[in-house]
Amino acid sequence: MALLKKKQFDELVAEKSNYCVSIYIPTHKSGENKDSMIRLKNQVSKIEDELIELGVKQKDIFNYVKPINKLLQDTTFWRYLSDSLAIFRSKETFVYRTLPIETEDFSMVSDRFYLLPLLSVFNNDDKFYILQLSLKKNRLFEANQYELNEIPTEDYMPQSIKDAVGWDVKQKTLQYRSGQSRGGHGLYHGQGEGKEDKEKETLKYLHMVDNGLNDLIDDKSTPLIIASVEEICSHFKQISSYDNIYSKYVLGNHDNGDMDKVHQQACELLQPYFERVRNESKEKYAETNLRITSDLNELLIAANGGRIDTLFVGKNKHIWGNFDVDKGTMKVHEEKESMDYCLMDFAAKSTFQKGGNVFLEEVEDLPASEAPANAILRY
């Protein structure tokens with residue numbers, strides 16, 4: 001199942017209605033997921049009880065949970081999941097997505113959807129490219145930590161060395177044939193002139209791939225991971241004009257390989273790159289004296305006004321209440337009251353939609369761990 005796109009995320013943020021239901025369930029990538037199905041049934045029962053307390057009629061409750069119950073009955077669906085399942089249901093909306101991130105068991109009924117966990121998918125500057133490269137086949141992929149999409153390249157680069165040099169490859173580069181050339185020499189693959197010509201053809205092919213790559217990618221500072229055998233990797237890095245070929249490769253012949261596994265290996269190699277923005281932001285918070293805050297009310301005002309550059313939020317930390325955007329005042333409740341929403345969710349969504357970075361951290365890893373959220377302000 002495809003990840004939730006930014007446009008769909010924005011649509012969920014924009015939706016406000018009487019009863020918006022949000023559910024998150026931990027799941028497994030394989031197996032029948034029976035425990036996850038039980039978790040979802042329990043959350044549905046909890047939602048039904050909340051709707052009853054809110055005065056919703058039983059018939060309307062049945063219609064609310066009907067598509068969720070239908071999902072529970074789809075045994076095929078439960079065999080092909082990821083780390084978590086998110087479900088969003090209102091009178092007009094039913095959206096569900098598998099998530100490649102771990103979440104807690106959670107459900108909420110409010111006038112808006114709870115979307116904070118999704119920001120782990122969107123918030124990092126983690127875009128990169130994978131070039132699967134061999135003499136017989138090449139493919140280009142755009143990726144982040146959670147998603148891999150192939151980019152069509154037919155109009156920009158040869159799809160194999162045969163496309164680059166033509167089918168009429170010089171005979172001296174082929175296997176030995178009976179007979180001799182006009183000069184009286186036997187014809188062998190990989191020897192003498194044939195080996196030199198083959199190397200020239202390989203370099204010509206790699207140059208053409210590199211030219212196409214540079215035409216396709218606008219931002220040459222985005223990391224590029226090469227997935228290929230060591231010899232091709234080395235040749236390509238030597239001739240390529242691409243600005244940021246990553247120093248480590250996914251080695252091997254991947255012509256018929258599982259690109260999901262290649263993607264996973266690439267993500268493991270790129271972990272230092274993924275962490276750099278987060279670590280730099282934490283260092284910035286520690287060095288900043290004037291434009292930081294951990295005061296919740298000030299933080300909410302700044303988030304709503306688009307004044308937060310970077311927000312750190314404690315994972316699974318819920319502060320229930322509501323925020324009056326006109327007055328800039330908040331009400332906080334120790335326990336969730338009817339139609340309360342999570343103020344951490346409000347701050348994170350507002351920050352993200354206004355161009356700020358949002359990082360979900362373990363509470364003990366927050367820059368200032370005595371508060372549930374910390375912000376670096378733009379002004």
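# Notebook: strands, rings and cores

**Entry 1. Strand β5.** I began with β5 and found that it pairs with strand β8 (residues 224-228) in the parallel sense over 4 bridges. I took two strands as paired if DSSP finds at least two bridges between them. Helices (H or I, at least four residues) and strands (E, at least two) are DSSP runs, numbered from the N terminus. The model is a predicted one, in which local features need pLDDT of at least 70 and side-chain atom pairs count only at pLDDT 80 or more, while totals for chains, interfaces and linings use all residues. Residues are numbered from 1 along each chain as its sequence is written, and side-chain values use heavy atoms, with hydrogens and water left out.

Entry 2. I traced an open sheet of 4 strands with mixed pairing, in the order β10-β16-β11-β15. Its edge strands are β10 (292-293) and β15 (357-361), each of which pairs on one side only. Within the sheet, β11 (residues 308-314) and β16 (residues 373-377) run antiparallel and are joined by 5 bridges. T310 has I376 in β16 as its bridge partner.

I checked which helices lie across these strands. Helix α10 (residues 296-304) lies across β10, β11 and β16, at about 50 degrees to β16. Helix α11 (residues 343-353) lies across β11, β15 and β16, at about 150 degrees to β11. For these angles, axes are lines fitted to C-alpha atoms, for helices over the stretch in contact, and angles run from 0 to 180 degrees between N-to-C directions.

I looked up S350, which lies in α11. S350 is buried, with a relative accessible area of 10%. Not counting residues up to four places away in sequence, S350 touches A303 and N304, contact meaning heavy atoms within 4.5 Å. S350 and R278 are 72 residues apart along the chain, and their C-alpha atoms are separated by 19 Å.

**Entry 3. Aromatic pairs.** I counted 16 aromatic pairs. The rule is that rings of Phe, Tyr and Trp (its six-membered ring) pair if their centres lie within 6.5 Å; planes under 30 degrees apart count as stacked, over 60 as edge-to-face and the rest as tilted. F106 and W320 form a stacked pair, at 6.4 Å centre to centre and 5 degrees between the planes. This pair links distant parts of the chain, with F106 in strand β4 (residues 106-110) and W320 in strand β12 (residues 320-324), 214 residues apart. F106 is buried at a relative accessible area of 7%, and W320 is buried at 12%.

The rings of Y285 and F312 have planes at 90 degrees and centres 6.4 Å apart, so I recorded the pair as edge-to-face. Here Y285 is in helix α9 (residues 271-287) and F312 in strand β11, 27 residues apart. Both Y285 and F312 are buried.

I also noted a cluster in which ring pairs link Y24, F88, F106, F113, Y114 and W320. K336 lies over the face of W320, at 5.9 Å from the ring centre. R89 lies over the face of Y64, at 5.6 Å from the ring centre. A charge sits over a ring if NZ of Lys or CZ of Arg is within 6 Å of the ring centre and within 35 degrees of the ring normal.

**Entry 4. Nonpolar cores.** I asked which residues have the most contacts inside the largest nonpolar core. They are F9, Y24, F88, L115 and L311, in a core of 45 residues. Such a core is a set of buried Ala, Val, Leu, Ile, Met, Phe, Trp, Tyr and Cys residues joined through side-chain atoms within 4.5 Å. Helix α11 gives the most to this core, with 6 residues. Leaving aside neighbours within four places in sequence, L311 has contacts that include L299, A347, A348, V358 and A375. A second, separate core has 21 residues, among them I47, Y64, L71 and I87.

How values were computed. Buried means under 20% relative accessible area, exposed over 50%, partly exposed in between (1.4 Å probe, protein chains only).
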